[in-house]
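Subject: Structure handover

Hi,

Here is the structure you asked for. Please open it alongside this email, and my notes follow below.

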Amino acid sequence: RQRQMCIRDSLCIPQFFRKVPESLFTNGMMELLDCEQLSDGFTLKGKAYDIDFAAADDKIRKVDVKESEGGKPKAFKMGEADQRIFKEYFNSLPPEARVRQCKGQIKSILNKMDTIDSGELSAYVDLIVDGMDKEQLAALEKAPRGFAMKLKDKIDSLLTQHCKETFKKWLDTEKIVCQPFYKLPAVIHPTSDTDMIGGSLYQAEEDMNQLEIDLVMERTALPNVRWWHRNIARQGFCINGFTNHYPDIMVMTQSSKIIMVETKGEHLKNDDSRDKIELGRAWSNAAGNQYRYYMVFREEESLLSGAVSIRQFIEIVKEL
């Protein structure tokens, strides 16, 4: 364990940095990449607004200010009596006023998206609502908040796509580089821990789900693995690209290869997992030959492109 501690203390894992160009105010420098930097240049002008508003939430909520909540506006679900009074008032308004109120509610919710210009948000909402037919407007009047959340999902997806494209471009043009930075802490403080599995980097590691436990147990049988560590989400090592990705498990082999592992249940074969595979591969390619990234599912059937099963992962690690 003393040897493991020395290796841990000397290890410096690469993360993405953005090159700040030389100017009148700086000689040029490197700063740790923040995914919000990748939103530069994003605009809603001309963006698609084909949105499926099916199953929008029709729960009516009120915004109240309570002393017990620190004087800040909080959302609460309306009681049945309040909902009835609100609906009666809302239905008494002329159609133009009802649409105007719906727009106001939607804009109020979306204006919390700090990376989006409020004027563009307002124009985007107007464009979508003004293009609705009578049936869509009737549905909107019943569920403005649900429509707002559908709109937010659409804008989030457009922003994510922009950030991915900017990330790729900056990586290709070397505005982003990967360089050693992250150092493992001397001690960790997981909210719940376990010390039941051997070969861990720390005396106790963060608790794991069954898939993670099974993978780590398989790893303990490999003589070429030096140690493993359960990376603590939002506290430990992060692959900082167009999203912040905290891989579940870190493994070091006797040949000093560092392997980042993200485990996924079978129900998580989705776009989020695809994005993490893409980012993990970009990181391992940029970080150098010492580093690897794998997304691991339990079974081999219908694997996402770039992912592996537990069996395939163990076979790969044996050779590293």
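**Helix against helix**

Helix α4 (residues 118-130) and α6 cross at roughly 120°, and their axes come within 12 Å. Before going further: this is a predicted model. Angles from 65 to 115 degrees would count as roughly perpendicular and those over 145 as roughly antiparallel, and α4 and α6 are therefore oblique to each other. Their crossing is right-handed. On the α4 side, the contact uses L121, Y124, V125 and I128. On the α6 side, these meet L151, K154, I155 and L158. By class, the residues of this α4 contact with α6 are 7 nonpolar, no polar and 1 charged.

Now α6 itself. Just after α6 comes E174, which takes a positive phi of about 65°.

Helix α6 also meets α8. The axes of α6 and α8 come within 12 Å and cross at roughly 15°. That makes α6 roughly parallel to α8. This crossing is left-handed. From α6, the contact is made by T160, K164, F167, K168 and L171. From α8, it is made by D275, E278, L279 and A282. The contact of α6 with α8 has 4 nonpolar, 1 polar and 4 charged residues.

The next pair is α7 and α9. Helix α7 (residues 210-219) packs with helix α9 (residues 310-318) at an angle of about 30°. Their axes are 10 Å apart. Angles under 35 degrees count as roughly parallel, and α7 and α9 are therefore roughly parallel to each other. The crossing of α7 past α9 is right-handed. In α7, the residues are L211, L215, E218 and R219. In α9, they meet I310, F313 and I314. The contact of α7 with α9 divides into 5 nonpolar, no polar and 2 charged residues.

**The sheet of 3 strands**

In which order do the strands of the open 3-strand sheet run? The order is β2-β1-β5, and the pairing is antiparallel. The edge strands are β2 (29-32) and β5 (176-182), each of which pairs on one side only. On average, neighbouring strands of this sheet are turned by 50° against each other, direction ignored.

Strand β1 (residues 13-20) pairs with β2 in the antiparallel sense, over 4 bridges. For V20, the bridge partner in β2 is M29. Helix α8 (residues 271-287) packs on this sheet and touches β1 and β5. The direction of α8 makes about 90° with that of β1.

**The sheet of 5 strands**

A further open sheet has 5 strands, in the order β8-β11-β12-β13-β14. Its pairing is mixed. Which strands stand at the edges? They are β8 (225-230) and β14 (308-309). Each has a single partner strand, so one side of each is left without a neighbour in the sheet.

Strand β8 runs antiparallel to strand β11 (residues 249-253), and 5 bridges join them. Here R230 stands opposite I249 in β11. Helix α7 packs on this sheet and touches β8, β11, β12 (258-264) and β13 (291-297). The direction of α7 makes about 145° with that of β12. Helix α8 packs on the sheet too, touching β12 and β13. The direction of α8 makes about 160° with that of β13.

**Where to look**

Best wishes

Notes:
Residues numbered from 1 in each chain as written. Predicted model: local features only at pLDDT ≥ 70, side-chain atom pairs only at ≥ 80, totals over all residues. Heavy atoms only, no water. Pairing = 2+ DSSP bridges. Helix = DSSP H or I, 4+ residues; strand = E, 2+ residues; numbered from the N terminus. Axes fitted to C-alpha atoms, helices over the stretch in contact; angles between N-to-C directions. Contact = heavy atoms within 4.5 Å. Left-handed = near helix turned anticlockwise from the far one by under 90°. Nonpolar A, V, L, I, M, F, W, Y, C, P; charged D, E, K, R; others polar.
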